[in-house]
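Subject: Structure handover

Hi,

Here is the structure for you to open. My notes on what turned up follow below.

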Amino acid sequence: MKKDDNPTKQRLINAGIELFGKYGYSAVSTKQIGEYSGINSALVSYHFGGKEKFYHAVIRGITDELIDWFQSQPHVNLDTASLSLTELREHLKVSLEHFYAWFYSLHGACGTNMFFREIISQEHPAVNIEFARAAAFITPYMYNLLTSYYTKVGKPEVNVSFIWIVLISVVQNISLHSNAPEEAQQAFRDAQISENMLDLILNKYA
């Protein structure tokens, strides 16, 4: 999946990701999109057919970005069942670092904000297909990796669904803190979330 070949449309989409992500759909006007992107706001309607359709394009764009981010990881399609325990541990480490790096990024945090707002409000149900597309890619990948690891260490009874829910809950908190005061953001950084989650997954349950 690639970004839009039209640079004007891509700049508008990037502006939409950042503004809708930070402030929500209702709080952002097409005029603000134009000012933020440096592009005439009339081009939102010209290229996308209005604010509602533009928002859908923004959600589609951030979903493509998320999937591209995870597909860029080496060995994303690797047969984890064939790996040694040492290889699985290293693969989990790299995957978790990659996972959290996305959600700490500007677009990752903004996309997560939009996702959780839509889950709660269901204001734009048509965009659910994009969120489902993202989940359909990431969830099986992480489940497979975690299941392979716990099977390898002789702990197949570990509840992988619980661990996945914990990972996603932390992601939600990361996104909520993306607009928090600097001291709150620093506290999150000091918590060394990816390192401690890796320790939890590799050692506390194994």
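A word on terms before the details: helices (H or I, at least four residues) and strands (E, at least two) are DSSP runs, numbered from the N terminus. This is a predicted model, in which local features need pLDDT of at least 70, side-chain atom pairs count only at pLDDT 80 or more, and totals for chains, interfaces and linings use all residues. Residues are numbered from 1 along each chain as its sequence is written, and side-chain values use heavy atoms, with hydrogens and water left out.

Overall picture

The protein has ten helices and zero strands. Along the sequence the pattern reads α-α-α-α-α-α-α-α-α-α. Its C-alpha atoms fill a box of roughly 60 × 35 × 30 Å along the principal axes. Of the 206 residues, 42% are buried. Buried means under 20% relative accessible area, exposed means over 50%, and partly exposed is in between (1.4 Å probe, protein chains only). Take the contacts with a separation of 6 or more: 74% of them join residues 24 or more positions apart. Contact here means heavy atoms within 4.5 Å.

Start with Asp-64, which sits in helix 4. Asp-64 is buried, at 17% relative accessible area. Its side chain makes a polar contact of 2.9 Å with the side chain of Arg-133. A polar contact is a pair of N or O atoms within 3.5 Å; within protein, one must be able to donate a hydrogen and the other to accept it, and residues adjacent in sequence count only if both atoms are side-chain atoms.

Helix 4 contributes Ile-59, Arg-60, Thr-63, Asp-64, Leu-66, Ile-67, Phe-70 and Gln-71 to the contact, and helix 7 contributes Glu-130, Phe-131, Arg-133, Ala-134, Phe-137 and Ile-138. These residues divide into eight nonpolar, two polar and four charged. Ala, Val, Leu, Ile, Met, Phe, Trp, Tyr, Cys and Pro count as nonpolar, Asp, Glu, Lys and Arg as charged, and the others, Gly among them, as polar.

Helix 1

Helix 1 (residues 7-23) has 17 residues. At its start, a side-chain oxygen of Asn-6 comes within 2.9 Å of the backbone nitrogen of Thr-8. Buried residues of helix 1 include Leu-12, Ile-13, Ile-17, Leu-19 and Phe-20. The buried residues of helix 1 pack against helix 2 (30-37), helix 3 (42-48), helix 4 and helix 6 (106-121). Just after helix 1, Gly-24 has a positive phi of about 95°.

Two residues to check

Gln-122 is not a glycine, yet has a positive phi of about 50°. Gln-122 lies in the loop between helix 6 and helix 7 and is partly exposed at 39% relative accessibility. Gln-192 is not a glycine either, and has a positive phi of about 50°. Gln-192 is in the loop between helix 9 (182-190) and helix 10 (193-204). At 46% relative accessible area, Gln-192 is partly exposed.

Best wishes

Terms used:
Expected span 1.5 Å × (residues − 1).
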